[in-house]
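Hi everyone, and thanks for coming.

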Amino acid sequence: MNIKLVVFFLIVCFSHQSLAEDVRIKVDLPMPARDHMMSNMRDHLMALETITRKLSRQQYDEAAEVAETRLGMSSLKSHGASHLSSMLPKQMAAIGTRMHKAASRFAIAAKDAELDGGLNSAFSALSEVMQQCVACHSGYRVH
Ligand code: HEC
């Protein structure tokens with residue numbers, strides 16, 4: 001058999017295996033907390049959808065309001081965040097805090113977009129929010 005073909009086949013096998021491998025840290029949460037966290041998560045995604053829709057319609061103040069109240073520092077109480085975050089590994093909770101702070105910074109950037117007409121910094125700030133979603137999802141799981 002062609003040796004190059006064999007080497008290629010092996011490389012494909014091994015690289016696929018490492019891609020499929022789940023390296024996320026499993027976090028054990030009591031059931032009510034896990035349900036609560038997943039319901040927060042679904043709301044996070046809905047909030048992002050609303051925010052991008054508002055931005056596309058130049059409704060900057062509304063985008064800012066949704067970001068601040070549903071994802072930003074003002075959302076912590078309604079999300080029961082301090083109780084939840086005390087159950088999480090420190091580094092995971094820190095990513096959550098970074099996400100809330102980034103969302104509050106986005107709210108300010110979105111309001112600025114209304115004033116100076118530029119969306120670049122708003123989108124850059126929004127991407128910083130989403131980087132924290134990605135960071136946590138790549139590192140941790142609860143199921
Ligand atoms: C501090 C960590 C953390 C942050 C930050 C975070 N998530 Fe999650 N999210 C998780 C974990 C853990 C899961 C469950 C993954 C698993 O167990 O497979 C999850 C699950 C989800 C789910 C699936 C919910 C369900 O019902 O199955 C959605 C949707 C989601 N996240 C959206 C988001 C969005 C959008 C953001 C950012 C705005 C975000 N998350 C930020 C940790 C986080």
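**Around the ligand**

Let's start at the ligand: among the 20 residues around it, those that come nearest are Met41, Cys133, Cys136, Arg141 and His143. Being near here takes a C-beta atom, placed from the backbone, within 6 Å of the molecule. Helix 2 (31-56), helix 5, helix 6 and strand 2 (140-141) are the elements that give two or more residues to this shell. Helix 2 gives the most, with six residues. Sorted by class, the shell holds 13 nonpolar, five polar and two charged residues. For those classes, Ala, Val, Leu, Ile, Met, Phe, Trp, Tyr, Cys and Pro are nonpolar, Asp, Glu, Lys and Arg are charged, and the others, Gly among them, are polar.

Before going further, two notes on what you are looking at. This is a predicted model, in which local features need pLDDT of at least 70 and side-chain atom pairs count only at pLDDT 80 or more, while totals for chains, interfaces and linings use all residues. Residues are numbered from 1 along each chain as its sequence is written.

**The whole chain**

How many helices and strands does the chain have? There are six helices and two strands, and along the sequence they follow the pattern α-β-α-α-α-α-α-β. Both kinds of element are DSSP runs numbered from the N terminus: helices are H or I with at least four residues, strands are E with at least two.

Of the 143 residues in the chain, 20% are buried. A residue is buried if 20 or more other C-beta atoms lie within 10 Å of its own, exposed if 12 or fewer, and partly exposed in between, with C-beta atoms placed from the backbone. As for contacts with a separation of 6 or more, 72% are between residues 24 or more positions apart. A contact means two C-beta atoms, placed from the backbone, within 7 Å.

**Helix 2 and what follows**

Back to helix 2. Its 26 residues should span 38 Å at 1.5 Å a residue, and the end C-alpha atoms are 38 Å apart, so the two agree. The expected span is 1.5 Å times one less than the number of residues.

Next comes the loop between helix 2 and helix 3, where you will find glutamine 58. Its phi is near 60 degrees, a positive value in a residue other than glycine. Most residues other than glycine have a negative phi. Is glutamine 58 buried or partly exposed? It is partly exposed, because 13 other C-beta atoms lie within 10 Å.

Now please find helix 5, residues 90-116. At 1.5 Å a residue, its 27 residues should span 39 Å, and the end C-alpha atoms are 39 Å apart, which agrees. Its buried residues are Met99, His100, Ala102, Ala103, Ser104, Phe106, Ala107, Ala109, Ala110 and Ala113. What covers them includes helix 3 (60-71) and helix 6 (120-139). Just after helix 5, glycine 117 has a positive phi of about 75 degrees.

Take the helix 3 side to begin with. Helix 3 and helix 5 pack at about 170 degrees, with axes 8 Å apart. Axes are lines fitted to C-alpha atoms, for helices over the stretch in contact, and angles run from 0 to 180 degrees between N-to-C directions. This makes the pair roughly antiparallel, a label for angles over 145 degrees. The residues of this contact divide into eleven nonpolar, two polar and four charged.

One of the residues on the helix 3 side is Asp61. With 14 C-beta neighbours inside 10 Å, aspartate 61 counts as partly exposed. Beyond its neighbours within four places in sequence, aspartate 61 is in contact with Lys111 and Glu114.

Alanine 122 sits in helix 6 and counts as buried, because it has 24 C-beta neighbours inside 10 Å. Its C-alpha atom is 4.9 Å from that of alanine 109, 13 residues away in sequence.

Helix 6 also holds glutamate 128, which is partly exposed with 17 C-beta neighbours inside 10 Å.

How values were computed: Parallel < 35°, antiparallel > 145°, perpendicular 65-115°, else oblique.
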